[in-house]
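Please examine the model shown here. A short report on selected features accompanies it.

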Amino acid sequence: MTTIFTRPALMAALIALTGVAHAETAGDATKGAALFATHCSECHSVKEGKDKKGPSLYGILGAKAALREGFKYSDALKSSQIVWNAETLSRYAAAPRAVVPGGKMKYDGLADAAERADLIAYLAAQGKR
Ligand code: HEC
């Protein structure tokens, strides 16, 4: 009898687990593009070499912080030692001033973790430095 019940239970657990992992990791780049337009494009472009109030975010995934030549970064970001990956980007987008105290990104933060994942999926598709 037990085996009859164990299998569906295991399947349910696996489905639940993959569901959670999916929600946390895989963002939707199309939604991310719209979020970028609303929240970030006032200050950032994803075009290579195009700085606005903030630096170009072309190829930002995998890059070290504050590396755009010619952009006047804060000393705080320059000395932060951050490497931009999904985790650091998500934390920074959620609370820029908490992650880089004294930094000059004047943005309150994107509270919704799923929206941050979408945004990161979009940024990850914008080239490689
Ligand atoms: C009001 C302008 C403004 C908005 C809005 C803004 N940023 Fe920024 N961002 C900046 C500035 C200015 C800097 C440089 C910060 C520093 O030097 O401390 C920056 C830096 C960054 C960096 C570090 C870049 C590097 O070269 O290391 C990332 C990543 C970033 N912003 C992502 C975002 C994302 C994602 C959004 C939207 C959710 C966003 N920013 C919204 C102005 C802005």
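The sections below treat the basis of the model, the metal site, the cysteines and a helix pair.

## Basis

The model is predicted, with local features requiring pLDDT of at least 70, side-chain atom pairs counting only at pLDDT 80 or more, and totals for chains, interfaces and linings using all residues. Residues are numbered from 1 along each chain as its sequence is written, and side-chain values use heavy atoms, leaving out hydrogens and water.

## Iron site

His44 (NE2) and Met105 (SD) coordinate the iron atom of the ligand at 1.9 to 2.1 Å; donors are N, O and S atoms within 2.8 Å of the metal (3.2 Å for Na, K and Ca). His44 lies in the loop between helix 2 (29-39) and helix 3 (75-78), and Met105 in the loop between helix 5 (96-99) and helix 6 (113-124), so the pair ties together parts 61 residues apart in sequence. Helices are DSSP runs (H or I) of at least four residues.

His44 is buried at 9% relative accessible area, whereas Met105 is partly exposed at 24%. Buried means under 20%, exposed over 50%, and partly exposed in between (1.4 Å probe, protein chains only).

## Cysteines

Cys40 is buried, with 15% relative accessibility, while Cys43 is partly exposed at 22%. The disulfide count is zero, a disulfide being a pair of cysteine sulfur atoms within 2.5 Å.

## Helix packing

Helix 2 and helix 6 pack at about 95°, their axes 7 Å apart; axes are lines fitted to C-alpha atoms over the stretch in contact, with angles from 0 to 180 degrees between N-to-C directions. The two helices are therefore roughly perpendicular, a term covering 65 to 115 degrees. Contacts (heavy atoms within 4.5 Å) involve residues including Leu35 and Phe36 in helix 2, and Leu119 and Tyr122 in helix 6.

Technical notes: Parallel < 35°, antiparallel > 145°, perpendicular 65-115°, else oblique.
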